[in-house]
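Please open the structure in your viewer and keep the selection tool at hand, as this tour moves from one selection to the next.

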There are 2 protein chains.
Amino acid sequence: MASRRLAVLQQHLGGLRVQDEDGSELERQATSAAATTLPPPDQMFDFLTRDNKQLRAQIFEFLKFQAALECLSFCDYSLAIKSGVHFTLCGGTIAKLGTEKHHDVLRAMDTLELPGSFGMTELGHGSNVMGIETTAVYDPATQEFILNTPNNEASKFWIGGVAQTARISAIFAQLTVNGKNEGPHVFIVHLRDANGNFMPGVRCADNGPKQGLLGVDNGQIWLNNVRVPRDALLDRYATVDTAGNYRSPIANVQQRFGTMIGGLTTGRMLIAQGAVDACKIGCTIAIRYAADRPQFGDRPILSYLTHQRRLFVGLATTYAFHLAMLQLKQVVVKGGPDAGKQIHIVSSGLKAGATWHRVKILQDCRECCGGMGFLAINRIGPMLNDMNVDTTFEGDNTVLMAQVAKPLLDAAVKAGMTSAPPPKVMEMDLCKTCVGRLLAWREQMLTAGLAADMAAAAAKGGPNAGMAAFDDNLDRVTQLGWAWTDRHTFAAFQAEAAAAPAALQPALNLLALLYGLTRIEAGVECYLSTGALSGDAIKALHAKANALCRELGAGNGRLALALCDGFGIPDHLLQAPIAVGNWRTFEG
Amino acid sequence: MASRRLAVLQQHLGGLRVQDEDGSELERQATSAAATTLPPPDQMFDFLTRDNKQLRAQIFEFLKFQAALECLSFCDYSLAIKSGVHFTLCGGTIAKLGTEKHHDVLRAMDTLELPGSFGMTELGHGSNVMGIETTAVYDPATQEFILNTPNNEASKFWIGGVAQTARISAIFAQLTVNGKNEGPHVFIVHLRDANGNFMPGVRCADNGPKQGLLGVDNGQIWLNNVRVPRDALLDRYATVDTAGNYRSPIANVQQRFGTMIGGLTTGRMLIAQGAVDACKIGCTIAIRYAADRPQFGDRPILSYLTHQRRLFVGLATTYAFHLAMLQLKQVVVKGGPDAGKQIHIVSSGLKAGATWHRVKILQDCRECCGGMGFLAINRIGPMLNDMNVDTTFEGDNTVLMAQVAKPLLDAAVKAGMTSAPPPKVMEMDLCKTCVGRLLAWREQMLTAGLAADMAAAAAKGGPNAGMAAFDDNLDRVTQLGWAWTDRHTFAAFQAEAAAAPAALQPALNLLALLYGLTRIEAGVECYLSTGALSGDAIKALHAKANALCRELGAGNGRLALALCDGFGIPDHLLQAPIAVGNWRTFEG
């Protein structure tokens, strides 16, 4: 099925060759002349996508699909999101929550005969999915569900594809059978017929102009006594039998819904990956331009430390998150008993972390290109517009960071970890091991501090008081989410770099160290306020990070440019004239 | 003249009443019911614009014009920029660098008969204005200047108004008289005739689509043997007499050009003010929506600490910069012997600071509104797009921060301030005086540390080595620029708050303290690494900042909402349905 999906996607890709069955990768550029003493970019690129080869037998189709979506992202974010909504959110939900009787719909979706949408969010209910108000009442007389939008706040909102193109939607609604509310369930609802006319009782409207992402036709849905057959219920975890009885192997309503949406993490991963992909494009464009743009004489602007600090840290962070995503995809494919929970936490942390980094990195890239970064043709500005949705869709970042922190705190409270370990004075030798230890220690410190406050509150006023303490300290909770993400992402970078071909390791180790040092800088207060690091150690740390930037910038950014080439984005997908042409000949 | 400008602007304002000669302010909304125990918004607003009244006799026209541009900013940033380019950049340059013979042009500009543009930036020369390459050679035979674009990099680029509307331009060009280059001078060049046809030798092109600001027709200019009369030279600081001799009271080329562009700081001030105005709109929209938006039951999202930390700090920062700008405008109007240098430094620091804060504040506002912040109709997203130019135009922010730091360092090196004062342990009593002292101390610490490194380098390798040390430490130089801006802005806030009516002072003092504390948080490393503040003091500081947020958020944001009302932006200029309507009834 994925293979057919790919074929459909390929039709949209125009000049882009994606990937052949023999596993050869994206069309890519020849080695840049500047990188002669470094591993050639294709070796870099092979490494960055190597899991395709290592695990091909079991995961080839999955990763091939992910790679295709990455390529769509390079072309245009709206195209990637529209494809993701259709194939991953709608198709993925039907595949995961439905059963064999729903496969005809999937086949029709694979050929784009039946454009799909994902009807979860409501005007009044974004983060609080359990609180949706759309109703589905089972009518035993006709063996149908009757779906309704009881009030305007219950209208489905932000639903990609709904304004113009979607013919079906995976609609989330509170199911009532025999007068009993069984919680949210998902139904396949037909919105439009083959001619684009609304089905009886359905009304959709366009959400109107947005900051960006104008290629996605987001819309609103109202349902008025819409009748769907008994088979429209996606029934892997719950069925209504012919006798009109509701059955589910999971008795608890919340647990049941948790199981259902627990599997729908692929969307979140795609958002994280899209943010990483945008950073690849932004860094490549800005670094290439900065190496070719003089100001005040012949000196290229890439030679300024302030430029290097922004662009090279952005590059290192982009590598870090790309490799952490690579690891996560392997976990998704391999599965296993605890995979679900792990995937939820990792995908939450990486989605929030990658998209917040993306905001900063693209903004830095835009500013480092001066006015050229504001011209649409140079792509960075429009990417900022299009992608600004990613910090709040598929989970608000602040809420996601709290979800990363919550299980850490629950475990710490349970384990009685109510006092912080005495701060160890760990003077820096500025190696990767030391950096990893420091990042892990910050996570532990924040966990213990918060857990202690929660336990103390609970001891005084009961479990609700413990939860209130969590709430009163949401700023520190968010910091803990970040600390987890920093530690996890650095560890992933370190592990992946260690598995790289020897010729790549010096460059990857340099990048990983730069990323790790800047994450310690971001959490500097924790180290200084506890005495774990002295002011002099921090000074040395800054100097080291600057020295790494100087290394990346040597020879007018020879190494940095080669690392950008390693992303393997061909010039015709980079597009920006300042990156692939000569800005000197620019004529409006 | 300003009065006629205002009349022209008013024609564009539609429903907006700006300001009557009797000094009554913008049309504004009645007091919000939520603010019953607080000073009414109009008292707040009178305070925020009070200099109009205090200094009316001398500065009324100037501030009235500034106020009108602020109102344009509230309507649409493109309209404000287009007006600013015409009246301030082009008209202001002709007024300041020209003489009486140029006043006919100004009169034609005031009626919009002669739309103007500002031809300084070139494709190859943004920050390096001295390095422009457009040439103007005096031809004694015809008493004309002959202007040329010698190569494509010398084409005028980003020139607002040039793609479609501008008929004249204040063109910066390297002047050669009798074979001698006298450095950059400014000439009035006619680009188009009354029918919109290019004048002989002139060619213009559109810069093409941008990330935003699509209402400004930025363009490129090429000049090919364009002849302008001897009177086209703006000749306040340099003339060519009828005998063909160049005369200037300032002998040094660099000093002469410095004097010329030194007066052109009004544009930079308008950018800073535009950023502040956008933050007023963003904070008002986001805070009003958050107070009206429940999630997880009936609890409004404004009650979450993470929301308060973003929106209320944004609000406090917006007040801080508004009041600092108010002070700066008074300095501009009053003038005086040292005013020029002071205005350059203050406007540089406030422009860089206000626009960088603007990036963060609007992004926070956008995210705090969830998807609603991404909908164009709610304004925050489009403002992010339109305004993203402000971090690099009218001076790249990094370059501006270096310009703020440079004179501090020069003075410190000159005064032999080569070692940092021993860090004083200053435990916090968390009052405004203490915060002001801490902010000033951080600036001194950074100055002394950098000055010491520069002096040491100069002692070893001469003045060039000192300058190289400045360059090698551009990251710390930028931090010093920020430290200066934090200290200056806080001091302005404090002074202005002290002059406020007594009823307003508690609220303003609360906001000022919140702003100051968060600026200490931003520079926390300096305090902790030197031992000036202990970890416990910083912990107390965070707790105090959180407590201030809680105060602002009490009663579902009663005080915060009143402070937003204080900006006096009428609902028809706020526009956003989530701020002035009811999101519950939203239909696409």
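Begin in this predicted model by selecting A:I159, which stands opposite A:G219, a residue of β8 in chain A. The strands around this pair are β4 and β8 (residues 219–223) of chain A, which pair in the antiparallel sense over two bridges.

Now widen the selection to the sheet, which is open and has three strands in the order β4-β8-β7 of chain A, with antiparallel pairing. Its edge strands are β4 (156–159) and β7 (202–206) of chain A, each of which pairs on one side only. If you look across the strands, the twist from one to the next averages 25 degrees.

Next, select helix α9 of chain A, residues 305–334, whose 30 residues should span 44 Å at 1.5 Å a residue; the C-alpha atoms at its ends lie 43 Å apart, which agrees with that expectation. Of the 30 residues in α9 of chain A, 21 are buried, so this helix is largely enclosed by the rest of the structure. Just after α9, select A:G335, which takes a positive phi of about 65 degrees.

Finally, display both chains and turn to their contact, which takes 60 residues from chain A and 60 residues from chain B. On the side of chain A that touches chain B, the elements giving two or more residues include β7, β8 and α9, which you have already selected, as well as α10 (339–368), α15 (474–498) and α18 (535–565) of chain A. Coloured by class, this side of chain A has 21 nonpolar, 27 polar and 12 charged residues.

Conventions
Residues are numbered from 1 along each chain as its sequence is written. Chains are lettered from A and ligands numbered from 1 in the order in which they are written. This is a predicted model: local features need pLDDT of at least 70, side-chain atom pairs count only at pLDDT 80 or more; totals for chains, interfaces and linings use all residues. Two strands pair if DSSP finds at least two bridges between them. Helices (H or I, at least four residues) and strands (E, at least two) are DSSP runs, numbered from the N terminus. Axes are lines fitted to C-alpha atoms, for helices over the stretch in contact, and angles run from 0 to 180 degrees between N-to-C directions. The expected span of a helix is 1.5 Å times one less than its number of residues. A residue is buried if 20 or more other C-beta atoms lie within 10 Å of its own, exposed if 12 or fewer, and partly exposed in between; C-beta atoms are placed from the backbone. Two residues are in contact if their C-beta atoms, placed from the backbone, lie within 7 Å. Ala, Val, Leu, Ile, Met, Phe, Trp, Tyr, Cys and Pro count as nonpolar, Asp, Glu, Lys and Arg as charged, and the others, Gly among them, as polar.
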